[in-house]
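Me: I've got a model open and I'd like to learn how to read it. Can you walk me through a few features?

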Amino acid sequence: MVTFKDVHKSFGDVDVLKGIDLEIKPAEKVAVIGPSGSGKTTIIRMLMTLEQPTSGDIFVGDQNLWKMEKNGEFVAANEKHLREVRGDIGMVFQHFNLFPHMTILENCMTAPIHVKKEAKKVARQRSIEMLEKVGLGDKLDNYPSQLSGGQKQRVAMARALVMRPKVMLFDEVTSALDPELVGEVLEVIRDIAKEGEMAMILVTHEMDFALDVADKVLFLDEGVIAEQGSASEVIEHSKNDRLQSFLHRFR
Ligand code: ADP
């Protein structure tokens, strides 16, 4: 569904991604692990179509997302395709990014109404369903400031799910949470993963969670995929020294 071919990304003189080859299949669950600064967020931002490669190709379906202009800059290869791709992606971030002046129900309803032009009634019903799914059916009229971090993160998930994405991106969604709130958020992600139909890309430091949920794990190190395979191959049986020392810090 998504294919990276020899993708490079530099910011000024800094080469952040140095030739990424990657394939994500429909409904596949992929965990991305690696030290800070290895390029994980940059890959996520490329999947979100927020960053363009410096060189290389990113295909969604069989269409290239970007094309190079004569001046060497990348632009959308096809604006319509890019818009469709953006509509298929759901995102959850480390810092929730909820709208503080809206109730949690309104937070969920706003994109279906304004982006997808869904009828208010339909958006409302579906938002309630999704908030119930993440265990917040009794908080519909609360504001984000009235919720715990774990609850806020669950709202962020419901808000993404309402849009029926084909791909969900999770960028260190438990990193900003107090330890006792991590479990409830991972539990919801596990539930979503079990339903199966969406592809999920998760940047995470929760190795047991990755073992449990991921079909495939990528170890990113200094801008290259230094190791990839099944969760068990990468997390439990790899001989890669740098991966070993990275894992020692988390297990
Ligand atoms: P990770 O998510 O693995 O911590 P990132 O993808 O955030 O890594 O960053 C990788 C490297 O790219 C870091 O050295 C970071 O400073 C650099 N970087 C990321 N975004 C930018 C940017 N917009 N401008 C300059 N440097 C950046």
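Me: Is the crossing of H3 and H5 left-handed or right-handed?

Reply: First, the ground rules. This is a predicted model, where local features need pLDDT of at least 70, side-chain atom pairs count only at pLDDT 80 or more, and totals for chains, interfaces and linings use all residues. Residues are numbered from 1 along each chain as its sequence is written. Helices (H or I, at least four residues) and strands (E, at least two) are DSSP runs, numbered from the N terminus. A crossing is left-handed if the near helix is turned anticlockwise from the far one by less than a right angle, and right-handed if clockwise. Here H3 and H5 make a right-handed crossing.

Me: At roughly what angle do the axes of H3 and H5 cross?

Reply: Axes are lines fitted to C-alpha atoms, for helices over the stretch in contact, and angles run from 0 to 180 degrees between N-to-C directions. For helix H3 (residues 104–114) and H5 the crossing is at roughly 25°, and the axes come within 8 Å. Angles under 35 degrees count as roughly parallel, over 145 as roughly antiparallel, 65 to 115 as roughly perpendicular and the rest as oblique. H3 and H5 are therefore roughly parallel.

Me: Which residues of H3 and H5 meet?

Reply: Contact is called when C-beta atoms, placed from the backbone, lie within 7 Å. From H3 you get Ile 104, Asn 107 and Cys 108, which meet Val 155, Ala 158 and Arg 159 in H5.

Me: How do the axes of H5 and H6 cross?

Reply: Helix H5 (residues 149–161) and helix H6 (residues 179–195) have axes that come within 8 Å and cross at roughly 15°. That makes H5 roughly parallel to H6. The crossing of H5 past H6 is right-handed. On the H5 side, Gly 149, Gly 150, Gln 153, Arg 154 and Met 157 make the contact, with Leu 181, Glu 184, Val 185 and Val 188 on H6.

Me: Is Ala 31 buried or exposed?

Reply: A residue is buried if 20 or more other C-beta atoms lie within 10 Å of its own, exposed if 12 or fewer, and partly exposed in between. Ala 31 has 26 such neighbours, so it counts as buried. You'll find Ala 31 in strand S3 (residues 29–33), and its contacts include Leu 202, Ala 214 and Ala 231.

Me: Which element gives the largest share of the shell around the ligand?

Reply: That's H1, with 3 residues. Among the residues surrounding the ligand are Phe 11, Gly 37, Lys 40 and Thr 41.

How values were computed: Two residues are in contact if their C-beta atoms, placed from the backbone, lie within 7 Å. A residue is near a molecule or strand if its C-beta atom, placed from the backbone, lies within 6 Å of it. Lists of a residue's contacts leave out its neighbours within four places in sequence.
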